[in-house]
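Please have the sequence and the model at hand while reading the numbered points below.

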Number of protein chains: 2
Amino acid sequence: MLGTMLHGPRDVRCEEMPEPAIRLPTDAIIRLSASCICGSDLWPYRGLNAVTAPLAMGHEYCGIVEEVGAAVTTIRPGQFVVGSFCLSDNTCPHCRFGFPSSCAQREFMTGAQAPLARVPLADGTLVATPGLPDDALIPGLLAASDVLGTGWYAADAARVRPGATVVVVGDGAVGLMGVLAASQMGAGRIIAMSRHKARQDLAQEFGATDIVAARGEAGVAQVRALTRGIGGDAVLECVGTAESMAQALQCARPGAMIGCVGVPHGVALDGQSLFFAQAGIMGGPAPVRRFLPHLMSLVLERRIDPGRVFDLTVPLADVAEGYRAMDERRAIKTLLRM
Amino acid sequence: MLGTMLHGPRDVRCEEMPEPAIRLPTDAIIRLSASCICGSDLWPYRGLNAVTAPLAMGHEYCGIVEEVGAAVTTIRPGQFVVGSFCLSDNTCPHCRFGFPSSCAQREFMTGAQAPLARVPLADGTLVATPGLPDDALIPGLLAASDVLGTGWYAADAARVRPGATVVVVGDGAVGLMGVLAASQMGAGRIIAMSRHKARQDLAQEFGATDIVAARGEAGVAQVRALTRGIGGDAVLECVGTAESMAQALQCARPGAMIGCVGVPHGVALDGQSLFFAQAGIMGGPAPVRRFLPHLMSLVLERRIDPGRVFDLTVPLADVAEGYRAMDERRAIKTLLRM
């Protein structure tokens, strides 16, 4: 089959590779209905994470189960399933505590930018829909696999409450999903920090009430002005740089939680500053599996349309163009059609 | 009157000074029933915070109101009151959000190691008891002013839930109060990290179910062994050093919150480590005023006896000995009798 491999910085190829097969009795093989490119795929693509050997790319997925291993009991061939980018057994103490993304058996999904993929820990990882979903819902269900679940976790970790004033730092796909999540959780006001017209528009469509285009100190000053000097009740940090973290901290009111879902690159926090700012921090890889049944229901009931975050669709053969478009910020997020 | 001044490292004196007077219409003057020495007083005492001018020491207090300013409406002379070490108006947005320790008008109390003290923002800061309390309850009520309220906040910020496994890092007075707080919040298991017999005993009296005497990696290994490799559901960081913070982080299970109440000295957190540990952090100066009515009730109803944390009582004239005893760890916490 043709699948996606990253060979080095900006060298991503759709190339011939063997079809995946069951390796462990807890595996499933799925035929992907669609796949996509994640903002985090750009770290190795840009050479910011070292690539020492070719990487089978792709960790967001949904599709039809082709085959399951002998130990799989809850998933059957023919079912439509969505799984998290974090593979988890859903039974260990960390999973039961609500953090399947730190599962004792955790693995990270790979190889999903391809027509077929192997999903380890299938029973714990995959959630099936009641029937086969309408094609129009595929992008939304695919989004639940990571980008929506991650934005949702940002809002959950930031403890967004009904009526809350929420600040979202980052207008990438995850930040936009954070806006949608905060809106679903009943936030009274959602301030999206975004400089790009298309992203501003989408943020507003997802529920943003205010847009702040400025960054850094100027951006913080605008957020402070919009909140009468108080700051946000909850802040979603959806980038992962030192600048975005500083911005998030300065937009947080004392007692606010900052939900951090951007993988930190070069972020150091000074204990005493954090202490006297009295801002809380919670983050990490999103425990998407915890949210997945709820998020899938919201999509299936057409109460949310997270698939709107895909503003470019290319066939798998053109995956390199999908990466380029995201790298150059011509696209928010690229959907890959099989 | 005779009050306590710090002139430089290890140079604390009980010396003649003018009696405090009302300066602002929102002030009250109280006659202290007792005062005490705080672990945080040892930072400047030890020269770890620079002392550039003589400091009027003392921020924990309870006593009888002598006089109030013209604008004070809820507190009257003759009442017995307890106040937080953070002075707050209790009406600003930060106070209403539950964080009076970040009040827009916040000041830190000073000069309470003396028979009389001026309390600014009296209406917002002070809480009166229904009548004059029994003398035996004075130490417990005094503890509510800071050390108990701070330990309580550590447990609150760490989101201790009924049945939770709680790890307390630090066996100073605040850590011991954290044990008591976790116990009151229904923790199922409380692991106190303490090397000192007297503190271990007190921790157990306050509700600790397990004692870990080892520190650093060995201590973490013991906590992990006690929790079947999982770590604590909630961790209370009650010291504020790089070592104690590292210990707290390594004792936290993924998804756990760490309540940080030790003022950080030389603590830097690596964003990526925190992210992948999936531990949350919340701390800062304790919003004691939020908890004060509840804590005072618990003491008045004799349901808790936080006054047990005072293991040395000296007359105010001997305040220097009180500091020495704490500095040399001969005393956990020193009560000053007027």
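1. Met5(A) stands opposite Ala56(A), a residue of strand 4 of chain A. These residues belong to a pairing in which strand 1 (residues 2-8) of chain A is joined to strand 4 of chain A by 2 bridges, the two running antiparallel. Strands are DSSP runs of E of at least two residues, helices are runs of H or I of at least four, and both are numbered from the N terminus; two strands pair if DSSP finds at least two bridges between them.

2. On the source: this is a predicted model, in which local features need pLDDT of at least 70 and side-chain atom pairs count only at pLDDT 80 or more, while totals for chains, interfaces and linings use all residues. Residues are numbered from 1 along each chain as its sequence is written, and chains are lettered from A and ligands numbered from 1 in the order in which they are written.

3. In chain A, an open sheet of 3 strands has the order 2-1-4, with antiparallel pairing. Strand 2 (11-16) and strand 4 (55-56) of chain A each have a single partner strand, so these edge strands are left with one side lacking a neighbour in the sheet.

4. In chain B, strand 1 (residues 2-8) and strand 2 (residues 11-16) pair in the antiparallel sense over 6 bridges. Within this pairing, Leu2(B) stands opposite Glu16(B). The two strands form a hairpin with 2 residues between them, and Arg10(B) in the turn has a positive phi of about 60°.

5. Which residues of helix 7 (residues 197-206) of chain B are buried? They are Arg199(B), Leu202(B), Ala203(B) and Phe206(B), where buried requires 20 or more other C-beta atoms, placed from the backbone, within 10 Å of the residue's own. They lie on the same side of helix 7 of chain B, because they cover an arc of only 105° around the axis, the arc being that of the directions from the helix axis to the C-beta atoms. Just after this helix, Gly207(B) takes a positive phi of about 125°.

6. The contact between the chains takes 29 residues from chain A and 29 residues from chain B; residues are in contact if their C-beta atoms, placed from the backbone, lie within 7 Å. Strand 16 of chain A and strand 16 (residues 268-270) of chain B run antiparallel and are joined by 3 bridges. There, Ala268(A) has Asp270(B) as its bridge partner.

Conventions:
A residue is buried if 20 or more other C-beta atoms lie within 10 Å of its own, exposed if 12 or fewer, and partly exposed in between; C-beta atoms are placed from the backbone. Two residues are in contact if their C-beta atoms, placed from the backbone, lie within 7 Å.
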